[in-house]
Amino acid sequence: MGLFDWRRGKEGKKANSAPPEWPKPPREDTMVMLLMDRVLPGGEAVVEFLRKAVGADAVGQVCYRGSHVEPLVPEVTVKLGGLEFWCSYLPFPVPKQDRDISAAAQYNLFLKPEEREAFAGHKSFWALAQKGGGTSLEGKRRVCWQFSLLCAALLEQEGTVGVSVINTALLVSRENYLFQCTQMEGRTWNDPDYFPVTLWIWLYRGLQEDKPTVETQGLAEFGLPELGFFHPKLPVQDLLNYLFTMSSWQITGKQLYRNMALIPLTPEREVVCKQTGETLYFIGA
């Protein structure tokens, strides 16, 4: 029996029966940037891009923000799945002071070399936001699910590069994003066994107390603890698979991990969960 077959009957081995500290209130607003390899020619082209991607009926109010010394920024509302999204198009690369896309792409192990180049060389971007929908873990899950479908619709269009998720180092290429969204087909946002983790949660190698770790970044947006393996011995790919599954279980509410719990990974190996700040580290892998 491995992690994926974990049964609640193992809970008798817990070292502490205190209730979990999480979930906490998630971040109500949700934002991403969608990067393009070209500049769209004018406001009408921006609106047409959205109409082609999501359908004319989904495109709502259009307005322009700016002044005589700044480029006019088209702002368009889009309604999908009962939610309203704000879509702003910026006809220039993401400013480095906001996020250094080139640096993020350079150290992204999940991108192909040509995808790193495409991110680094992007020419313009969309700032996409859903405001106020993530007031609960359930609400945040619904928002992110519908947001994934919106991004996929935009990425189907010519000239798109990929997505940068705000408040994380996550970059997802166009090819990978569209592939991951095929896994959502036939499912719904409240599926207890699935969430498109790879589109929202970044996994990376880090250091804690001068020891190597493999950690998540992005679960805090859902009001959940970040997860990590402390000084692990298992192959990195196994650890990534565990973290993706554990993250999905937290987001869907299937399992909430807590300080000092014992978690079985395999019949021969279990890890202890130790809280450090807002992160839960699994020790013993």
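1. A residue counts as buried under 20% relative accessible area, as exposed over 50%, and as partly exposed in between (1.4 Å probe, protein chains only). By this scale Val62 is partly exposed, with a relative accessible area of 32%. Val62 lies in strand β2 (residues 59-65); strands (E, at least two residues) and helices (H or I, at least four) are DSSP runs, numbered from the N terminus.

2. The model is predicted: local features need pLDDT of at least 70 and side-chain atom pairs pLDDT 80 or more, while totals for chains, interfaces and linings use all residues. Residues are numbered from 1 along each chain as its sequence is written, and side-chain values use heavy atoms, with hydrogens and water left out.

3. Helix α1 (residues 43-54) has 12 residues, which at 1.5 Å a residue should span 16 Å; the 17 Å between its end C-alpha atoms agrees. The expected span is 1.5 Å times one less than the number of residues.

4. Gly43, Val46, Val47, Phe49, Leu50, Ala53 and Val54 are buried in α1. Seen down the helix axis, these buried residues fall within an arc of 150 degrees, so they line one face; the arc is taken from the directions from the axis to the C-beta atoms. Exposed Glu44 and Lys52 sit on the face turned away from the buried side.

5. In strand β10 (residues 226-230), 5 of 5 residues are buried. Glu226, Gly228 and Phe230 point one way, Leu227 and Phe229 the other.

6. Strands pair if DSSP finds at least two bridges between them. β10 pairs with β13 (residues 279-283) in the parallel sense over 5 bridges, and Phe282 is the bridge partner of Phe229.
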